[in-house]
Amino acid sequence: MPASRRNFLAGGAAAGVGLAVAGGIPSLAQAHPSRPRPPAGGGHKPFPPLVDDPDGILALPEGFSYAIVTRAGVTRLDRGQGVTPADHDGMAVYDAGHGRYTIIQNHEIDPGAEFGVPHVKGTVYDPGAVDAGGCTVIRTDRAGRNLGEFVAISGTVSNCAGGPTPWGTWLTCEETEDRAGDEWEEGDRSGVFQKDHGYVFEVWADGSADPRPIKCLGRYAHEALAVDKDRTKIYLSEDADEPNGLFYRWTAPRGLKLGPRVLTRLAPDAGTLAAMQIIMDDGSVLPDVAYLTSAQLGRPFPVRWIEVPERDAKTTPIREQFADGQVTRGRKFEGVWGTDEGVYVVNSYAWEEGELPADAAAHDGMVWFYDYRAQTIQLVTYFPHQVTAEEGAPARYTDLTFDGPDNVTVTPWGSLVLAEDGAGASHVLSSFPGGPTYAIARNQLNDSEFCGPTFSEDGKVLFVNMQDPGLTLAITGPWERYLG
């Protein structure tokens, strides 16, 4: 169906940006050889105020416009596969040439959904996970026109985020710990899982996929990941509680360099999966990230990694295999995005009883940067807790009050874009590590979260999802003016 479009004011597209090329395929995951630095002399330009959309969908600054690329249950899949699945989440975008792009998109769906990812021959992991999660591949252009969409992987569950690889594929993450034999029920539908879930799978930019789990990366509620520039390590987040989740590092076997079709061939125990320990001045392990606050912004803390005892979690979830105080936990380890020098990771919030230690500080969001070479981690963005987040009430200054950062991406200019999954209004945010955060979009339709922000490799289009009712949005405008 034709893309719906709303123009606020005519705004020039951002200038093209040269990106690093790894293995012949450009990848935003490796395009930014920088560690976080405070903005010099306030050199950034604040985004203009958001202007309400007469169509009631997306508020944007003057000079920016959007197009709807896909709409769950409305736009149609190619090859008679049905309609666009629901619950759009993490995604990556690749340059397809001639002003066109290929998007690989997750669908965070449990079995039995009305608009689940249909099982297509050759794409199915678990036949028992019917109308559940998976990935679709979308073709579009700079105008956000829908040029087609089809299923790449199906029969997976709650595909939340993931991460692009330097060799041009997408690693999709299941945010679940369902086991073979577990029963599921949704409305008047029910079934039984035939395989274990909670794994990572690989999808290629041409839409082909290998529906085999990458078991060496562990079985847990995966959120997102990033591959380091040397292709020997992968950093992964876990969105879980009771106890809180962990931040992990997987290290490849000695002498192995990751590349196309390598991960799916590895043995389940290949390499080393380890959990993060943030080390304090007295040598002890910080038990939870919530003990650090804005007072520690920019301060690097040493990090050590402790090996996971049993990564397939056959009897005990991985995070429960460690005693309290043995690892650094965090409520809602979420988005992960890598640069040449390190990796960003997000904690969304922690303020309710049980979400953080009783003597730690409630917060509404933290963004961290882990430095590969120094093996340190520092807090680069911090959102203090506010009562409106507890009540879900509108903040007095809606476009100045932020909470619940979730997915993160690094822009072609080195700043960050965050997607909110909090209380009240949901925003897409521009965040300068060590500096200010600005609203660059607001959901006017409902209070659903934004997901999967990612820039096209030419820097012209920001693609982002509104999870409910399931919209893929292409936002254009003078990005470099405000992000450069």
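Strand 21 (residues 301–307) runs antiparallel to strand 25 (residues 376–384), and the two are paired over two bridges. Here strands are DSSP runs of E with at least two residues, helices are runs of H or I with at least four residues, and both are numbered from the N terminus. Two strands count as a pair if DSSP finds at least two bridges between them. One of the residues involved is Pro302, whose bridge partner in strand 25 is Thr376. All of this comes from a predicted model, in which local features need pLDDT of at least 70 and side-chain atom pairs count only at pLDDT 80 or more, while totals for chains, interfaces and linings use all residues. Residues are numbered from 1 along each chain as its sequence is written, and side-chain values use heavy atoms, with hydrogens and water left out.

How far can the model be trusted? pLDDT is the predictor's confidence in each residue, on a scale from 0 to 100. The chain averages 91, and 91% of the residues score at least 70. Residues 1–33 are another story: the pLDDT there is below 50, although this stretch has 96 contacts in the model beyond near neighbours in sequence. A contact means heavy atoms within 4.5 Å. Where pLDDT is low, the predicted coordinates should not be read in detail.

Nine strands form an open, antiparallel sheet in the order 17-18-19-20-21-25-24-23-22. At its edges sit strand 17 (222–227) and strand 22 (333–338), each pairing on one side only. On average, neighbouring strands of this sheet are turned by 30 degrees against each other, direction ignored. For that angle, axes are lines fitted to C-alpha atoms (for helices, over the stretch in contact), and angles run from 0 to 180 degrees between N-to-C directions. As background, strands of a sheet pair through backbone hydrogen bonds, either parallel or antiparallel.

Strand 32 (471–476) gets its own look. It pairs antiparallel with strand 6 (residues 65–71) over six bridges, with Ser65 standing opposite Thr476. Strand 32 also pairs antiparallel with strand 31 over six bridges, and there Asn465 has Thr472 as its bridge partner. Is strand 32 buried or exposed? Six of its six residues are buried, where buried means under 20% relative accessible area, exposed over 50% and partly exposed in between (1.4 Å probe, protein chains only). Leu471, Leu473 and Ile475 point one way, Thr472, Ala474 and Thr476 the other way, and all are buried.

The hairpin of strand 31 and strand 32 has four residues between the strands, and Gly470 takes a positive phi near 90 degrees in it. The loop between these strands also holds Pro469, which is joined to Asp468 by a cis peptide bond with omega about 15 degrees. Another cis bond runs from Glu242 to Pro243, with omega near 0 degrees; Pro243 lies in the loop between strand 18 (233–238) and strand 19 (247–251). Most residues other than glycine have a negative phi, and most peptide bonds are trans. Asp131 has a positive phi of about 50 degrees although it is not a glycine, and Arg261 has one near 60 degrees. Asp131 is found in the loop between strand 8 (100–107) and strand 9 (133–141), whereas Arg261 is in the loop between strand 19 and strand 20 (272–278). With 43% relative accessibility, Arg261 counts as partly exposed.

Next come the nonpolar cores, meaning sets of buried Ala, Val, Leu, Ile, Met, Phe, Trp, Tyr and Cys residues joined through side-chain atoms within 4.5 Å. The largest one has 28 residues, and Ile234, Leu236, Tyr248 and Trp250 have the most contacts inside it. Strand 12 (169–174), strand 17, strand 18, strand 19 and strand 20 each give two or more residues to this core. Leaving aside neighbours within four places in sequence, Tyr248 touches a list of residues including Tyr220, Ile234, Leu236, Leu273 and Trp305. A second, separate core of 26 residues includes Ala419, Phe432, Ile440 and Leu473.

Finally, the cysteines. A search of the whole structure turns up zero disulfides, a disulfide being a pair of cysteine sulfur atoms within 2.5 Å. Cys160 is buried at 5% relative accessible area. Cys173 is in no disulfide either, as the nearest cysteine sulfur, that of Cys160, is 8.3 Å away. Cys173 is buried too, at 0% relative accessibility.
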